[in-house]
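Please keep the sequence and the 3D view open while reading.

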There are 2 protein chains.
Amino acid sequence: MKFELIHQSKKSKARVGKIHTPHGIINTPNFVAVGTNGTLKGIDNVTVTQIGLELMFCNTYHLLLQPGREVVREAGGLHKFIHRTLPIITDSGGFQVFSLAYGSVANELKSKGTKKIDGQVLDISEDGVLFRSYRDGSKILLTPESSIEAQKDFGADIIIPFDELPPYHIEKHLLKESLARTHRWEIRSLNTHLKNPNGQAIYAVIHGGVDDELRKESALTLREHPFDGFAIGGSVGKTKEEMITMISSLKPYIPEEKPNHLLGIADLSSLEACVPLGIDTFDASYPTKAARHGALLTKNGAIKITKSIYAKKYEPIEKDCTCPTCQNYTLAYLSHLFKAKELTALTLASIHNLHFMCKLMHSFREKILNDEI
Amino acid sequence: MKFELIHQSKKSKARVGKIHTPHGIINTPNFVAVGTNGTLKGIDNVTVTQIGLELMFCNTYHLLLQPGREVVREAGGLHKFIHRTLPIITDSGGFQVFSLAYGSVANELKSKGTKKIDGQVLDISEDGVLFRSYRDGSKILLTPESSIEAQKDFGADIIIPFDELPPYHIEKHLLKESLARTHRWEIRSLNTHLKNPNGQAIYAVIHGGVDDELRKESALTLREHPFDGFAIGGSVGKTKEEMITMISSLKPYIPEEKPNHLLGIADLSSLEACVPLGIDTFDASYPTKAARHGALLTKNGAIKITKSIYAKKYEPIEKDCTCPTCQNYTLAYLSHLFKAKELTALTLASIHNLHFMCKLMHSFREKILNDEI
């Protein structure tokens with residue numbers, strides 16, 4: 001992997017770059033759509049490529065449970081198995097395993113720290129995490145080594161070391177302990193990776209919650225090791241302001257010559273806020289999830305297609321949009337399909353929202369090139 | 001509409017023809033996929049056209065309730081509303097209204113005639129049927145005139161007169177009464193149509209259940225009127241044998257110079273049996289419904305994709321299949337998508353099954369042209 005800096009904005013920390021991978025170039029800043037099980041929900045991978053998505057995120061945790069490492073390895077890796085010709089990034093499984101333990105990020109934030117480890121996670125030790133498969137009840141031990149070995153079988157262009165996702169509600173001494181263990185796990189992950197680099201790149205995951213001191217310590221620790229890029233993980237705060245403050249404070253400690261990624265955040269206002277901070281890639285399932293709930297993205301914000309005003313709007317979602325949905329179908333038809341609960345509605349809306357994100361990121365890059373951001 | 005006979009097989013009653021419509025040619029014999037709400041389940045209409053489906057069936061009953069006549073009329077008709085450039089056929093709504101009354105065909109066949117009119121149908125009279133909308137509880141009167149007027153708003157290439165669908169379990173004198181009323185309704189439908197033909201064709205629906213005498217009477221009555229084609233409707237029997245016996249006996253009374261259609265039947269063995277009897281078009285939702293249940297059609301019969309033997313089959317559903325699913329994805333990937341309950345699975349499977357049906361009908365036409373059927 002090679003990161004090529006094309007332009008550093010004169011107006012902000014925003015930058016335009018190209019990440020060269022074995023499966024092609026990712027222009028940055030860019031949006032990374034989430035295809036948990038090796039597919040975006042409702043859009044097949046050929047269509048995803050046609051829409052122009054340059055990097056797709058798949059989840060190791062889900063793929064480990066279904067179809068399993070062996071099926072993907074024998075297929076010749078994830079690209080072949082899912083028929084994706086462009087770059088893929090996989091995570092380590094850590095995020096999902098710890099979500100099992102503490103509940104989803106949103107639920108944990110709401111819980112005020114009362115949520116405790118539930119029955120699916122059986123043990124967390126220095127070795128790794130033992131959990132129970134929700135599919136067949138079998139016990140699975142996920143360690144830095146086994147996560148990386150799985151990601152070797154999958155063969156994504158970019159992989160992520162195994163890390164702990166501590167909850168937002170955590171005492172500082174516990175967060176420090178977690179951070180130290182995460183660093184040990186990440187370095188074990190890196191060492192496992194380096195035995196068989198396989199043309200893959202590995203991004204470190206910077207942790208430390210919303211504690212500026214710990215975030216800085218995490219960046220300074222991890223940059224001492226030959227990671228190919230840096231992801232910002234863990235809890236990024238309860239509010240957008242908290243996130244922006246944390247990233248602004250952390251950013252100077254992330255090596256500029258390497259690409260960086262903000263994990264799990266890519267809503268429109270976060271993009272507006274974080275692109276000027278110099279974040280290169282952002283992943284989120286939100287644009288496709290919103291689509292399935294009938295929220296269609298436009299330059300003027302999301303519209304709710306099931307509102308009665310759209311029943312007779314015989315025009316595309318956006319008049320100048322070149323996506324297959326807008327080229328062929330009207331708001332009135334989409335409104336009808338949603339009301340009739342047709343599967344086709346979910347696909348057409350997802351296509352538009354994904355295309356919107358690709359177009360939006362292209363316009364961010366144009367603006368940076370012109371020093372407008 | 002014009003029906004052009006291309007070839008009459010020397011071996012059977014099978015024939016190859018072309019139905020010329022305002023939106024293009026339907027090569028016969030052919031399969032007609034059901035897109036109840038103006039879309040096939042899980043496949044958008046541009047893809048449906050690319051797959052090669054020459055005639056699509058939409059349901060007046062469903063479209064009347066959602067989005068309603070006005071929305072479709074103001075869109076400029078169904079073709080424009082749903083963005084279909086090729087021919088469409090709509091039914092009268094009668095089938096669904098009477099299914100409400102007597103239960104679905106399958107349930108009624110099983111019921112031994114004990115199922116009675118339920119609460120949604122409020123009144124059946126000489127005028128038409130009064131029923132309650134399942135969407136908003138409003139009362140709707142469907143008559144021969146209002147059904148045809150709705151079908152004028154929709155603007156399908158082929159429309160169907162309003163008919164009564166008597167149950168399989170019915171005494172002969174009641175079936176005779178129903179048949180007489182159906183004929184009166186069909187002629188009222190025809191007269192409404194003829195006031196504003198609008199480039200549309202109207203097919204009569206021959207009734208009479210599995211009573212050869214009544215079927216013959218129905219055909220002889222209806223052929224006296226200027227219908228453009230003839231559909232075989234109502235109960236066609238409890239077994240395939242009963243259906244074949246009925247169609248074989250009825251067929252000589254259906255005008256040969258006009259196209260005919262078998263309503264609601266297009267499973268593989270019925271096609272094998274009925275193409276040689278000279279049936280031109282067949283509609284069914286079964287190929288797409290089967291797809292959504294993981295049954296993939298092949299030359300060697302349907303396969304159940306969730307069976308464990310497919311988890312590592314790194315090859316397409318059919319090696320020589322040119323459908324987008326087989327061109328890009330393997331059985332192993334489809335098996336994974338079905339097990340992971342991904343929406344994409346339903347779309348990819350539906351595409352294959354629809355393409356299979358189009359290819360199958362093409363091969364029937366080839367065989368007839370060679371007098372092999």
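The largest nonpolar core of this predicted model has 206 residues. Those with the most contacts inside that core are A:Tyr203, A:Leu334, B:Tyr203 and B:Leu334. In soluble globular proteins, nonpolar side chains tend to be buried together.

- Beyond its neighbours within four places in sequence, B:Tyr203 is in contact with B:Ile158, B:Ile160, B:Phe227, B:Asp228, B:Gly229, B:Phe230, B:Ala231 and B:His261.

**Helix α10 of chain B**
- Helix α10 of chain B runs over residues 240–250, and its buried residues are B:Met243, B:Met246, B:Ile247 and B:Leu250.
- These residues sit on the same side of α10(B), because they cover an arc of only 95° around the axis.
- The cover over the buried residues of α10(B) includes β11 (201–206), α9 (212–222), β12 (229–232) and α11 (268–274) of chain B.

**Overall make-up of chain A**
- Chain A contains 15 helices and 16 strands.
- A compact globule of 373 residues would have a radius of gyration near 21 Å, and the 20 Å of chain A agrees with this.
- Taken along the principal axes, the box filled by the C-alpha atoms of chain A is roughly 60 × 55 × 45 Å.
- Of the 373 residues in chain A, 54% are buried.
- Among contacts in chain A with a separation of 6 or more, 67% are between residues 24 or more positions apart.

**Contact between the chains**
- At the interface, 33 residues of chain A are in contact with 33 residues of chain B.
- Four helices of chain A, α3 (69–75), α4 (78–82), α14 (331–339) and α15 (343–369), each supply at least two residues of the side that touches chain B.
- That side of chain A has 17 nonpolar, ten polar and six charged residues.

**Relation of the two copies**

**Cis peptide bonds in chain A**
- The bond from A:Thr28 to A:Pro29 is cis, with omega near -5°, and A:Pro29 is in the loop between β3 (24–28) and β4 (30–34) of chain A.
- A cis bond also joins A:Gln66 to A:Pro67, with omega near 10°.
- A:Pro67 is found in the loop between α2 (60–65) and α3 of chain A.

- A:His83 is not a glycine, yet has a positive phi of about 55°.
- The loop that holds A:His83 lies between α4 and β6 (88–90) of chain A.
- A:His83 has 19 other C-beta atoms within 10 Å; being buried takes 20 or more, so A:His83 counts as partly exposed.
- A:Asp371, also not a glycine, has a positive phi of about 55° and is in the segment after α15 of chain A.
- A:Asp371 has 13 C-beta neighbours inside 10 Å and therefore counts as partly exposed.

Technical notes. Residues numbered from 1 in each chain as written. Chains lettered and ligands numbered in written order. Predicted model: local features only at pLDDT ≥ 70, side-chain atom pairs only at ≥ 80, totals over all residues. Buried ≥ 20, exposed ≤ 12 C-beta atoms within 10 Å, placed from the backbone. Arc of directions from axis to C-beta. Contact = placed C-beta atoms within 7 Å. Nonpolar A, V, L, I, M, F, W, Y, C, P; charged D, E, K, R; others polar. Core = buried A, V, L, I, M, F, W, Y, C linked by C-beta atoms within 7 Å. Rg over C-alpha atoms; globule rule 2.2 N^0.38 Å.
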